[in-house]
Amino acid sequence: MNADLGNYRKSYEKGELLLDNVPENPIELFRNWFVEVDSHFNVDETNAMTISTIGLDGYPKSRVVLLKKYTHEGFIFYTNYNSEKGKAILANPNVCLSFFWHSAERQIIIKGKAEKIAENLSDGYFESRPRGSQLGAITSNQSEVVKDRAELENKLKALELKFEGKEIERPNNWGGFIIKPVELEFWQGRPNRLHDRIRYQLQEDYNWKLERLAP
């Protein structure tokens with residue numbers, strides 16, 4: 001099979017990103033972009049992000065997860081700690097996040113270190129989830145091999161009966177990670193492939209160094 005995609009072309013013309021109009025703190029720029037994209041562009045899940053980890057087999061792996069909270073400290077998402085992703089993060093906390101909002105012609109790449117959030121914070125988020133999502137977290141031994149879908153559906157039905165009328169507690173192996181950034185790169189598409197790229201790098205004094213990168 002030979003598929004030539006060389007004729008795929010697009011001119012990026014929806015914005016600009018200049019050093020003299022960005023804040024000193026990258027989280028403020030992230031917030032501004034997130035709000036703009038969420039409010040003014042046709043994006044189904046603005047909080048969808050790709051997280052890349054180094055697996056226990058030594059290979060990098062990327063997958064899409066959902067950002068659930070961001071603060072000046074970092075970016076929080078939730079997962080099964082015993083999943084392939086969870087095990088990879090616990091073994092090597094250096095990860096990369098990326099957001100690509102094609103309708104806004106914007107991308108953000110974030111390098112950082114991941115760590116578990118406090119258990120009470122994971123408890124609070126788990127309690128806020130729909131009951132079906134709570135049961136799903138218990139049903140799925142994420143990343144483990146299963147015989148077929150029926151195995152999962154039967155387990156879910158059994159758990160629905162077990163917890164009928166009862167509160168569902170968060171499993172110990174499920175919770176949040178926060179990624180504390182050390183570098184953020186903001187990309188704005190521009191005509192003629194002369195895209196704008198602004199990089200923030202965290203310094204030893206916890207201030208951010210700003211630089212423009214060639215596209």
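1. One aromatic cluster is formed by F30, F34, Y70, F75, F99 and W101; here rings of Phe, Tyr and Trp (its six-membered ring) are paired if their centres lie within 6.5 Å, with planes under 30 degrees apart counted as stacked, over 60 as edge-to-face and the rest as tilted. The model is a predicted one, in which local features need pLDDT of at least 70 and side-chain atom pairs count only at pLDDT 80 or more, while totals for chains, interfaces and linings use all residues. Residues are numbered from 1 along each chain as its sequence is written, and side-chain values use heavy atoms, with hydrogens and water left out.

2. The structure holds 17 aromatic pairs. One of them joins F34 and W101 edge-to-face, with 6.2 Å from centre to centre and 80 degrees between the planes. This pair links distant parts of the chain, since F34 sits in helix 1 and W101 in strand 5, 67 residues apart; helices (H or I, at least four residues) and strands (E, at least two) are DSSP runs numbered from the N terminus. F34 counts as buried at 13% relative accessibility, and W101 is likewise buried at 2%, where buried means under 20% relative accessible area, exposed over 50% and partly exposed in between (1.4 Å probe, protein chains only). The rings of F99 and W101 form a tilted pair, with centres 5.5 Å apart and planes at 40 degrees, and F99 is buried with a relative accessible area of 0%.

3. Which residues touch the most other members of the largest nonpolar core? Among its 31 residues they are F30, F75, F77, F99, W101, I108 and F186, a nonpolar core being a set of buried Ala, Val, Leu, Ile, Met, Phe, Trp, Tyr and Cys residues joined through side-chain atoms within 4.5 Å. At least two residues each are supplied to this core by helix 1 (26-40), strand 1 (48-54), strand 4 (75-80), strand 5 (94-101), strand 6 (106-116), strand 7 (174-188) and strand 8 (196-202). Helix 1 gives the largest share, 6 residues. Apart from this core lies another, of 11 residues, including A137, L159, I168 and W174.

4. Leaving aside neighbours within four places in sequence, F30 is in contact (heavy atoms within 4.5 Å) with L67, Y70, F75, F99, W101, I108 and F186.

5. The C-alpha trace spans about 60 × 50 × 40 Å along its principal axes, and 36% of the 215 residues count as buried. Of the contacts in the chain with a separation of 6 or more, 64% are between residues 24 or more positions apart.
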